[in-house]
Every structure is written in C-alpha cells, then in structure tokens.
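Trainee: I would like to go through the labels used for this model and see what each one rests on. Where do we start?

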Amino acid sequence: MNKPLRKASVFSLLLVLALLIWVTYVQLARGDSLRDNTHNARVAISEYAGPLGDIMAGGKPVTGSATTHGNLKYKRTYTDGELWAPVTGYASQSYGSTQLEALERQVLAGSDSRLKNPLEAVTRERSKPGDVITTINPAVQKAAYEGLGNKTGAAVAIDPTTGAVLGLASTPSYDPGTFAGTSKADQKAWVALQKDEKQPMLNRALRQTYPPGSTFKVLVAAAALENGLYSSVDEPTKSPDPYRLPGTVTDMHNENRSAPCENATIRTALQYSCNTVFAKMAVDLGQTKVPAQAEKLGFDDSKLDIPVRAAKSVYPSGMDDSQTALSGMGQFDVTATPLQMAMVSSAIANDGKLMTPYEVDRTTDGSASALDRTRAKTYSQAMSRHTASELQSAMRTVVDQGTGTNAKIPGVTVGGKTGTAQHGENNSANPYAWFISYADAGGGHKVAVAVVVEDSDAARADISGGGLAGPIAKSMMKAALADTGS
C-alpha cells in the first residue's frame, strides 16, 4: 500500500472511530435530554400517536382525545374547557402543555415506566395511558365559575380536614381546546389569547397575588391571641378611634365612623371591620410576631406545590411603625393569592391545624389500579385549638350580625370575614372585593373558601366583599356540603 493511500485509510478509520464515540455519547449521555426536548418532533409524534389519558373530576373525564390528520394522529379535547382550564391547564400540539397536563404528562401520554408490562418494557411499545383523578368537586367548581360570571376574579374551596382542593376557578377563562391542534384556526386562537388585555390564561386562583384587605385581620387577631396580647376575642383592646399612625400626623379613621371601634373587642372589631383596632394591634405585636404567624399559615412560601406551583404570598419586612399599622389591615405591601387566604380560613376551621392543599387525589393505570396516591399531610400547627375556636366564634358573628350576612346558610354553621382592598396609585382604582369563610355542617363535613373579585361592573360605591364575593362563597359552600343533606 503506498503512503498516500495508507494516510487516507488511517484518516478514514479515525473518522469512523470519532463517529462511533459521538453516537455512543449522544445515546448514553444525552439520550434522555434529547428524547425529552420539546423541540424534538418525535416527542410530539409519540405523545399524540394515540389517545391521551384523561383528567377526571367527580368520576367523569373533563378531557378527551380526537383523531386528526398527519403525523400527530390525536389531539386533546376538553369538555367545558373554560370551566376546567384553571385545573387542567392546556395540552397543545403547537404550544406545549401547562399545569396538570404538563406535570402529569408521562402518565397521560403512557410513557411512565410504571404503566409498562414486561413485554412493552422490552419492545418499547407505547403503553395504555393512565388517568389523573383530581380532588375537584364538579358542583363546587361550577358554583365558583358561574358565581364569578363576567367578573374578573378567582375562587378556591378546600376541605379543611384533608387539604383537598374542592374548587379552583379563575375568570375570565379560556378554552384550551381552541388551540390544541396545529391548524391556522388554532394559531389564530392562541395569538388572540396572548393579546387579550384581560389575561384569560392567567390562573388568578394560584398565580395572582392581591392585597388581602380586611380578610387579613383574622391573621392579625390570631397572632394577638397566640402571643397573649389578648386572652380572648371578647376582651376589650387598647384601641383609640381615630388612631394616629406612628411617626406621622395622619389619623386613621374607620369606614363606618359610627361603628363602636374604640377599645373594641376582637369580636366587635371583626364584626364592624375596625381598621383602627387591627392597625394598632399590628404595631403592638411588632415586627416578628405577625410575620411568624403569617409563615405558619403559608405566607412567604415560594415552593407551595399542589402540585401546580402557587405564587408566593408576602408579608413584608423592614417596615416602620406606620407601615406596620397599614399591614395590620391587609394593606401596604401585603399580598396573597386566593389559595393562600383559603388556607387561612381552612386552618381556623380545622381547629388550628393547617393541612397541605392538593388537587390530585391519585394517578391510575387507566383502570382501578393506582400508580400513586396523595396522602393528607399537615402543613403546620398554625395556631392552638383555643385560638382557632375563638376565631371561629368571632367569624360566626361576622356572618350572623356583621358584614358577612350574605353568606348565611340555614342549618349550617358559617363563619366569615369580608374585605375591600384598596389598590392603584393613591387608591385610584376600584377596590378588590374579598370574602373568606368556612362552613361546618357537623359530622366532620367542613369546607373553607376564599373569593376575590378583582373587577366587576358594579359602581365603586357598591363594591364590597360581603356584597360581591360573599354570595359566591355561599354558593360554593352549599355545593360542597350538599351531600350531607344540608
């Protein structure tokens, strides 16, 4: 063999060797990441080669699959898509997936290794997809969605004894089925949703934070009772009316100037929603006791997954005394998701024990066999049984005799707290209307609810938590307790 030919042969051999090394590296070291890459067309072809598993609520599927043309043989469909979108998220052939559709993708697409029988494990054939069984009660979900109607807002209902999420609504909503495929109509629907100023794809129940307004007063009251500032909700407080904000010449007044707020008990202060009482109370408690109570109830938790991650609710730090006073009435820089405020009400209803919220009961192999199941788990002992009992009683007074009478349910014990939270520059925007509540039908049948109405067609003077959000909470609580005969 002459020298040039020998060099060419060696060079070719080195190229082959390099190719073999590269292929081995790609298959072993990068195989999983490339296979799971969303830009890999084979991923989508594989996922949509057959029907997807279903997301279920109340024993019935709220999703489905329909045949299409081309490489992607099936696409996702939704029953009452706008009703269920805050729970399911979306699964789109063009735009990926979110929420439960994304987090439970392997089960729904049949690629979860637990779904494979021995033969499928060897042949790598697609397994029968599994299903996701949610904790959502369809009647509660419908009550929340229809109650919100054309308003902008959100509502959450929780079973206080387990943490199971019974309802999770956000309006305005969207239909995930309108962009589940790859057609021009799907693309047009997607673009329209992205441009919509009302942000229908924003999950306001989990991902939007608001100033909680006067609903936050129950948390401040909990901190006062837990730290011995007051021994009961019927002990008079040390609360002037008006209350001069510390370090300023500004006097804080109450919305109802004739309300008996001077030195009012916590019960009376919640009943009449006395700003002065809770502003002074927050200052008296100081910079450590209120935030400690807030953290026990879920504030400042950036990793709250249900399994969809919720936005962090915040109780601010580094405030001066006047800012601390404003925080006591749920203003200044206090922010909370509707889920967070439902957790506050849930802990009170459950005798002080806060259960970790969750919206997936179990995943299955498409039949009755569970792949995994969510176990009820304690988030924290947020307050003592005594404190919870005191607050339950005071919240019942709010509903029986105070600002929350719209939430009364005959034959059911109901407690609540209204809130009207100011926002916008110099409080120029319409306030947010809040209502948090619990209902107890006896026999362990309880539900905790939070509702916020961000925007409605009501005149500014007519916006109130009791008037706008209270009736929505009532309908959700009635739906949740319907199977008890109440």
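Mentor: With the disulfide: the term is used for a pair of cysteine sulfur atoms within 2.5 Å. The model is a predicted one, and the structure holds one disulfide.

Trainee: What makes Cys261 and Cys274 a disulfide?

Mentor: Their sulfur atoms are 2.1 Å apart, and the cut-off is 2.5 Å, so the pair qualifies. Cys261 lies in the loop between β11 (251-252) and α12 (266-271), and Cys274 in the loop between α12 and α13 (275-296). The two cysteines are 13 residues apart and link distant parts of the chain.

Trainee: Why is the disulfide of Cys261 and Cys274 called left-handed?

Mentor: Because the torsion about its S-S bond is about -75°.

Trainee: How do you know whether Cys261 is buried or exposed?

Mentor: Buried means under 20% relative accessible area. Cys261 has 0% relative accessibility, so Cys261 counts as buried. Cys274 is also at 0%, and therefore counts as buried.

Trainee: What makes Arg204 and Glu454 a salt bridge?

Mentor: A side-chain nitrogen of Lys or Arg has to be within 4 Å of a carboxyl oxygen of Asp or Glu. The closest N and O atoms of Arg204 and Glu454 are 3.2 Å apart, so the pair meets that definition. Arg204 is in helix α10 (residues 204-207) and Glu454 in strand β18 (residues 446-455), 250 residues apart. Arg204 has a relative accessible area of 3%, so Arg204 is buried. The structure holds 14 salt bridges.

Trainee: Why is Arg385 called exposed?

Mentor: Exposed means over 50%, and Arg385 has a relative accessible area of 58%, so the label applies. Arg385 forms a salt bridge with Asp351, with 3.1 Å between the closest N and O atoms. Asp351 is at 24% relative accessibility, so Asp351 counts as partly exposed.

Trainee: What makes Asp361 and Arg373 a salt bridge?

Mentor: Their N to O distance is 3.7 Å, and the limit is 4 Å, so the pair counts. Asp361 is in strand β13 (residues 360-364) and Arg373 in strand β14 (residues 370-373). Arg373 counts as partly exposed because its relative accessibility is 41%.

Trainee: How many residues in the lining of the largest cavity are nonpolar, polar and charged?

Mentor: Seven are nonpolar, four polar and none charged. Among the lining residues are Pro86, Met201 and Leu202, and Pro, Met and Leu count as nonpolar. Gln99 and Asn203 also line the largest cavity. Its volume is about 50 Å³.

Technical notes: Residues numbered from 1 in each chain as written. Predicted model: local features only at pLDDT ≥ 70, side-chain atom pairs only at ≥ 80, totals over all residues. Heavy atoms only, no water. 1 Å grid on protein atoms, 1.4 Å probe; cavity = no way out; pocket = protein on both sides within 12 Å on 5 of 7 lines; lining within 4 Å. Points joined across faces, edges and corners; volume = space filled by probe spheres on them. Helix = DSSP H or I, 4+ residues; strand = E, 2+ residues; numbered from the N terminus. Buried < 20%, exposed > 50% of the residue type's maximum accessible area, 1.4 Å probe, protein only.
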